[in-house]
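Me: Hi! I've got a new structure open and would like to walk through it with you. Could you help me read it?

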Amino acid sequence: MAASAISICSNARMLCGHGSIASFEEDSTGIAGNMWDMVRQATLRLGVWSRVRKRAALPALPDAPAWGWNYQAIVPPDCLRVLSVGEGGEVPDFEIEGDRILSNEAEIKIRYVYDATNPATWDAVLIEATTMHMAAVMAYPLTGSKTLQDAMQANFAALLEAARGINAIEAPTDPIGDSPLFRARAGY
């Protein structure tokens, strides 16, 4: 069975010692339906999940920022976190303000974590991490147990740490020797 918002929330409830649900309406507390989008987006933003990355080449808008930068572009609406700017070790200066990315480059290339709303496309570790995150959010309201909440938060933190290692292998960073900063510091 493919993962879904309901299966993740149902499993989180079971981890907290409560029954499963087949729809958000079956959750009499309302926690699952009310917290799902927030927990999903936060979990995606906290990790560097290889399955929820995109690339974009953002063209500059016709109007420049009021000061400090020559160009600005609109960050894609599905962007939850910018992972990198530039390509091939060339990292331009940039700043993110609201829904804009400011730079002195006319085209800004970014890699980012996007708002992946379909858990059926996620890998097993992201599904488990989201389940643990949801369980940590649900634990105290469902059980009144701070101990259970702390245990679920610790499980979530451990999964995030493991995921960093997994994702580092799937998406290695650019070689440090290609960095202009490295070349400048090395004297060449």
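Me: Let's begin with the open sheet that has β2 in it: what is the strand order, and how do the strands pair?

Reply: That sheet has 3 strands in the order β2-β5-β4, and the pairing is antiparallel. Strands here are DSSP runs of E with at least two residues, helices are runs of H or I with at least four residues, and both are numbered from the N terminus. Two strands pair if DSSP finds at least two bridges between them. One thing to keep in mind: this is a predicted model, local features need pLDDT of at least 70, side-chain atom pairs count only at pLDDT 80 or more, and totals for chains, interfaces and linings use all residues. Residues are numbered from 1 along each chain as its sequence is written, and side-chain values use heavy atoms, with hydrogens and water left out.

Me: Thanks! Which strands stand at the edges there?

Reply: β2 (71-74) and β4 (94-97) do; each has a single partner strand, so one side of each is left without a neighbour in the sheet. On average, neighbouring strands of this sheet are turned by 25° against each other, direction ignored. For angles like this, axes are lines fitted to C-alpha atoms, for helices over the stretch in contact, and angles run from 0 to 180 degrees between N-to-C directions.

Me: How many bridges join β2 to β5?

Reply: 4 bridges join them, with β5 covering residues 100-103. As an example, I74 stands opposite R100 in β5. In general, strands of a sheet pair through backbone hydrogen bonds, either parallel or antiparallel.

Me: And what about the open sheet with β1 in it, what order does that one have?

Reply: Its 3 strands go β1-β6-β3, again with antiparallel pairing. β1 and β3 are the edge strands, each pairing on one side only. The twist from one strand to the next averages 40°. Between β3 and β6 there are 5 bridges, and the partner of S84 in β6 is R111.

Me: Which helix packs on that sheet?

Reply: That's α2, which touches β3 and β6, and its direction makes about 10° with that of β3. Touching, or contact, means heavy atoms within 4.5 Å.

Me: Let me zoom out for a second. How many helices and strands are in the chain?

Reply: The chain has 5 helices and 6 strands. Starting at the N terminus, the elements run α-α-β-β-β-β-β-β-α-α-α. Of its 188 residues, 38% count as buried, where buried means under 20% relative accessible area, exposed means over 50% and partly exposed is in between (1.4 Å probe, protein chains only).

Me: Where does the largest nonpolar core get its residues from?

Reply: That core has 43 residues, and L44, W49 and W122 are among those with the most contacts inside it. A nonpolar core is a set of buried Ala, Val, Leu, Ile, Met, Phe, Trp, Tyr and Cys residues joined through side-chain atoms within 4.5 Å. The elements giving two or more residues are α1 (5-15), α2, β1 (53-59), β3 (79-85), β6, α3 and α4 (146-170). α3 provides the largest share, 9 residues.

Me: You mentioned W122. Which residues is it in contact with?

Reply: Leaving aside neighbours within four places in sequence, its contacts include I8, W36, R40 and L44. W122 is buried, because its relative accessible area is 4%.

Me: What kind of aromatic pair do W36 and W122 form?

Reply: The chain has 1 aromatic pair. W36 and W122 are stacked, at 6.4 Å centre to centre with 25° between the planes. Rings of Phe, Tyr and Trp (its six-membered ring) pair if their centres lie within 6.5 Å; planes under 30 degrees apart count as stacked, over 60 as edge-to-face and the rest as tilted. W36 is in helix α2 (residues 31-46), while W122 is in the loop between β6 (107-114) and α3 (124-143), 86 residues apart. W36 counts as buried too, at 6% relative accessibility.

Me: Last one: is α1 mostly covered or mostly open?

Reply: Mostly covered, since 8 of its 11 residues are buried. Among them are A5, I6 and R13, and the buried residues of α1 pack against α2 and α3. After α1 comes G17, whose phi is positive, near 85°.
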